[in-house]
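Work through the exercises below with the sequence and the coordinates open. Each task is followed by a solution in steps.

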Amino acid sequence: MDGLTPRGRVACAALLTFAAGSLLGFATGRGTAPEPGSGLEPALAAWAAATDEALQLRPGQSEDLRILLAHYARERDRMLKERLAEADNAWLGLDRRFETLLRSRILDADQRSRADALLIGGILVGPPSQR
């Protein structure tokens, strides 16, 4: 290294630091990486592993179980999204009904005007907007 220029020494040190960091990152990451090809969330992957072990599934059966669980997870997630969208719409309707009742049955005309002014000024939070 004595024959290197200052620029060469810096480049050599940078290259060695990069290589050492890459190797350290690779070695550290190997133990924490998810199982390759599993594609399952941790709870389903654990269930698959426990089922595989308890029932002593053959390799083909293990793979079929993981495929089945992946389809199950997608279908479950789709159903959850649909139900949340339905609940969101129901909540929006409930909010609007109660706002209407508040305005028409509880507040008088002067109070409705003041509530409108507070909504416009950002002091009160308005009802959710239609989606």
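**Exercise 1: a charged network**

E75 has a relative accessibility of 38%, so E75 counts as partly exposed. The model is a predicted one.

Task: State which residues are linked with E75 in a network of salt bridges, and examine the pairs made by R78.

Solution:
1. The side chains of E75 and R78 form a salt bridge, with an N to O distance of 2.2 Å. Both residues belong to helix α3 and are three residues apart, about one turn of the helix.
2. R78 also forms a salt bridge with E82, at 2.4 Å from N to O. R78 and E82 are about one helical turn apart because they lie four residues apart in helix α3.
3. R78 is partly exposed at 36% relative accessible area, and E82 is partly exposed at 33%.
4. The network links E75, R78, E82, R83 and E86. The structure holds eight salt bridges.

**Exercise 2: a nonpolar core**

Task: Find which residues make up the largest nonpolar core.

Solution:
1. The core has seven residues: L40, L44, A45, A48, L65, L69 and A73.
2. Helices α2 and α3 each supply at least two residues of this core.
3. Leaving out residues up to four places away in sequence, A48 touches L40, L65, R66 and L69.

**Exercise 3: S62**

Task: Decide whether S62 is buried or exposed.

Solution:
1. S62 lies in helix α3, residues 59-106.
2. The relative accessibility of S62 is 14%. Buried means under 20%, so S62 is buried.
3. Beyond neighbours within four places in sequence, S62 is in contact with D52 and L57.

Terms used:
Residues are numbered from 1 along each chain as its sequence is written. This is a predicted model: local features need pLDDT of at least 70, side-chain atom pairs count only at pLDDT 80 or more; totals for chains, interfaces and linings use all residues. Side-chain values use heavy atoms; hydrogens and water are left out. Buried means under 20% relative accessible area, exposed over 50%, partly exposed in between (1.4 Å probe, protein chains only). Contact means heavy atoms within 4.5 Å. A nonpolar core is a set of buried Ala, Val, Leu, Ile, Met, Phe, Trp, Tyr and Cys residues joined through side-chain atoms within 4.5 Å. A salt bridge is a side-chain nitrogen of Lys or Arg within 4 Å of a carboxyl oxygen of Asp or Glu.
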